[in-house]
Amino acid sequence: MLWRLVRRSMRERRAHVALTLLAVAVTAALATALLGVTFAIRERMARELRAFGANILIVPRSAPLAVTVGSLRYVPSQEEAYLEESELARLKTIFWRHNIVAFAPFLSRTVEVAGQRALLVGTWFDKRVDVPVPSRRFSFASGASREVAAVEGGWNTGLEALVPSWQVDGRWVREGSGGALVGRALAARLAIEPGQTLEVELEGRRARFPVHGLLRTGGVEEDQIFVELAAAQALFGRPGRVEKVQVSALVTPDNALAVRARTVGPESLPPSEYETWYCTPYLDSIVFQIEEALTGARGTAIRQVAEAEQAFLGKVTGVFVLSSALGLATAGLGVAATTARAIFERRAEVGLMKALGGDRRQIARLLLVEAGVTGLGGGIVGALLGVALTRVIGLWVFATPIESHVLLLLAILGVAPGVALLGALGPLRAALAVPAATTLSAE
Amino acid sequence: MTLIVVRDLTKEYDGRKLRALDRVSLDVASGEWLALMGPSGSGKTTLLNLIAGLDTPTSGTVVVDGAPVHALDEAERARFRRDTVGVVFQHFHLIPYLTAVENVMLAQYFHSLADEAEAADALVRVGLGDRLHHRPPELSGGEQQRVAIARALINQPKLVVADEPTGNLDADNEAVVLETFQKLHAQGHTILLVTHDPRVGALADRRISLDHGRIMSAGLEMDFDNARWKRGERQS
């Protein structure tokens with residue numbers, strides 16, 4: 001009988017039901033889209049910010065005492081220390097392997113070029129790295145273990161992926177082409193342009209590089225020459241060696257645990273906290289995992305960059321959460337007002353039900369089921385609209401669609417009837433409080 | 001056997017500024033048909049509402065079938081209404097989007113379980129066997145009131161209260177509805193009926209006249225010959 005009554009009532013008052021359903025649907029769509037974008041924006045913005053360079057620097061544990069003068073760098077040969085190029089693929093085997101956005105190795109020396117001295121930097125431009133990494137299980141002293149999904153096939157990384165914000169007049173160097181990028185300032189001094197050939201000399205060894213492009217970075221790189229790592233290694237007589245690696249990784253802002261781990265050292269944390277710290281993409285935990293993966297490596301967080309990014313992301317997310325909350329509160333009030341009005345207009349019906357012997361529980365169940373069904377219907381329609389809206393916002397802002405999280409959709413489907421019920425509760429309580437005689441005599 | 005005992009019943013509205021009922025006392029026997037009469041604003045509907053548990057008194061007591069209605073809390077009053085009282089209103093108060101049979105089933109639903117066959121039987125008994133699935137707007141006033149009567153009786157209440165049940169009906173429908181009440185009375189139902197119409201009041205076993213919230217006269221002596229109604233004849 002309950003559902004028969006609800007069905008009849010909703011059919012009779014279909015205009016009201018449609019209005020309430022619309023209000024709930026709009027609220028649910030807004031909630032799905034705003035919260036979906038809020039959840040996604042942090043990751044997307046973080047990826048966008050990663051375009052401005054590395055946030056982790058890896059050097060040999062026994063780092064050489066290098067002297068830097070302007071864009072030039074001098075290393076006494078007895079102080080030299082290197083990382084093995086062949087080990088770099090291991091960066092994609094760490095726990096947070098999927099957060100490593102890009103990395104590039106570097107090997108540099110000051111060379112003579114057309115009578116001037118300049119820093120020649122060997123690096124990867126767009127190197128194909130084979131990472132046949134199967135899924136890997138990480139076990140912890142706390143007894144827990146976590147599996148990280150496999151990285152299939154190969155992966156391209158290098159300067160182009162690490163600092164896509166750098167601009168090249170001409171074209172980027174392709175791996176195996178033997179070409180070079182010359183900093184714009186240096187190129188101006190040497191009066192060299194793309195298409196010409198650059199001849200460099202180091203300790204009697206000579207090498208020639210066709211210039212593919214001029215580099216504009218706004219930094220010291222505009223006084224440097226970038227060539228393929230293998231060519232630099234051959235010129236410097238250091239095959240298979242790199243002096244540093246810059247890594248761009250997606251990280252999460254530090255919290256109290258991250259600060260404590262940095263203060264006391266991660267090994268001093270209790271096992272459960274260590275596991276949490278290890279399995280959270282803090283800057284320090286990723287650095288820690290990189291040091292585990294590479295022999296004789298010391299990772300350094302470029303904290304200034306990371307902290308600036310995190311502060312910015314925190315503010316952006318905060319603004320988004322605040323505006324989402326305000327939007328949802330406004331829409332929620334609209335739903336509550338619509339539901340409240342529907343109940344208010346049925347107060348005579350409530351009075352009659354009381355006169356017929358209906359108690360508060362029975363009458364409330366009838367009206368609340370109706371509000372709940374309307375809310376659920378609106379929630380379903382709104383969630384579907386919200387999924388589409390989220391994709392549109394993703395395409396508009398980030399040029400890729402944002403997928404709505406299933407848990408978010410389930411939450412919306414739970415909350416939408418709740419908002420409708422919340423709106424109904426106040427006026428229902430008021431209607432039930434009035435004696436049946438008063439309500440009926442007023443009609 | 002006395003079904004209703006009312007003692008010093010008082011109802012005041014608007015912070016005691018308006019006294020609708022002033023220390024009213026009366027008894028109603030089981031199976032009796034009592035007419036509450038008087039001009040508009042005399043307090044007859046207020047008295048009926050208080051006896052039926054639709055409102056709460058300011059002071060005084062109402063005991064119906066042993067239940068102290070004046071002292072019941074809200075949940076107990078709801079239980080009292082659904083178990084003991086059937087209510088018929090002047091304006092019918094049917095739910096417009098439910099059919100005749102569903103309006104009757106609503107009272108069953110609040111009482112225990114809705115039984116469509118039983119609800120249909122109740123409508124057949126008031127002559128609406130061919131109107132089961134009509135909605136109130138598709139029924140005449142008399143038919144709507146008979147649906148309301150069927151609804152009032154469906155849970156077999158000990159007391160039927162009716163507030164001006166013919167007040168909104170034309171003469172033909174009034175006669176049909178009053179005949180229904182006469183049948184109920186003949187079956188032994190206790191009826192408390194509010195009317196300001198002496199011809200309707202004349203059908204009752206006893207009439208009480210109220211004015212300004214007080215009982216002005218009580219008993220069988222009324223200045224109207226009800227012999228023709230008692231015989232079941234129509235009043236022209």
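## Helix H5 of chain A

In this predicted model, helix H5(A) is followed by Gly237(A), a residue with a positive phi, near 70 degrees. The helix itself covers residues 229-236 of chain A, and its buried residues are Leu229(A), Ala232(A), Leu235(A) and Phe236(A). Viewed along the axis of H5(A), these buried residues fall within an arc of 125 degrees, so they line one face of the helix.

What do the buried residues of H5(A) pack against? Their partners are strands of chain A: S5 (100-113), S6 (116-123), S13 (197-202), S14 (205-216), S15 (224-228) and S16 (241-242).

## Where the chains meet

Now let's turn to the contact between the chains. Chain B gives 24 residues to it, and chain A gives 20 residues. On the side of chain B that touches chain A, helix H2 (74-84) and helix H3 (100-111) each supply at least two residues. H3(B) provides the largest share of that side, with 7 residues. By kind, the residues on this side of chain B are 14 nonpolar, 5 polar and 5 charged.

## A closer look at Leu106(B)

Leu106(B) sits in helix H3 of chain B. Is Leu106(B) buried or exposed? Leu106(B) has 26 other C-beta atoms within 10 Å, and 20 or more count as buried, so Leu106(B) is buried.

Leaving aside residues up to four places away in sequence, Leu106(B) touches Leu356(A), Ile95(B) and Leu98(B). Of these, Ile95(B) lies 11 residues from Leu106(B) in sequence, with 9.4 Å between their C-alpha atoms.

Key:
Residues numbered from 1 in each chain as written. Chains lettered and ligands numbered in written order. Predicted model: local features only at pLDDT ≥ 70, side-chain atom pairs only at ≥ 80, totals over all residues. Contact = placed C-beta atoms within 7 Å. Helix = DSSP H or I, 4+ residues; strand = E, 2+ residues; numbered from the N terminus. Nonpolar A, V, L, I, M, F, W, Y, C, P; charged D, E, K, R; others polar. Buried ≥ 20, exposed ≤ 12 C-beta atoms within 10 Å, placed from the backbone. Arc of directions from axis to C-beta.
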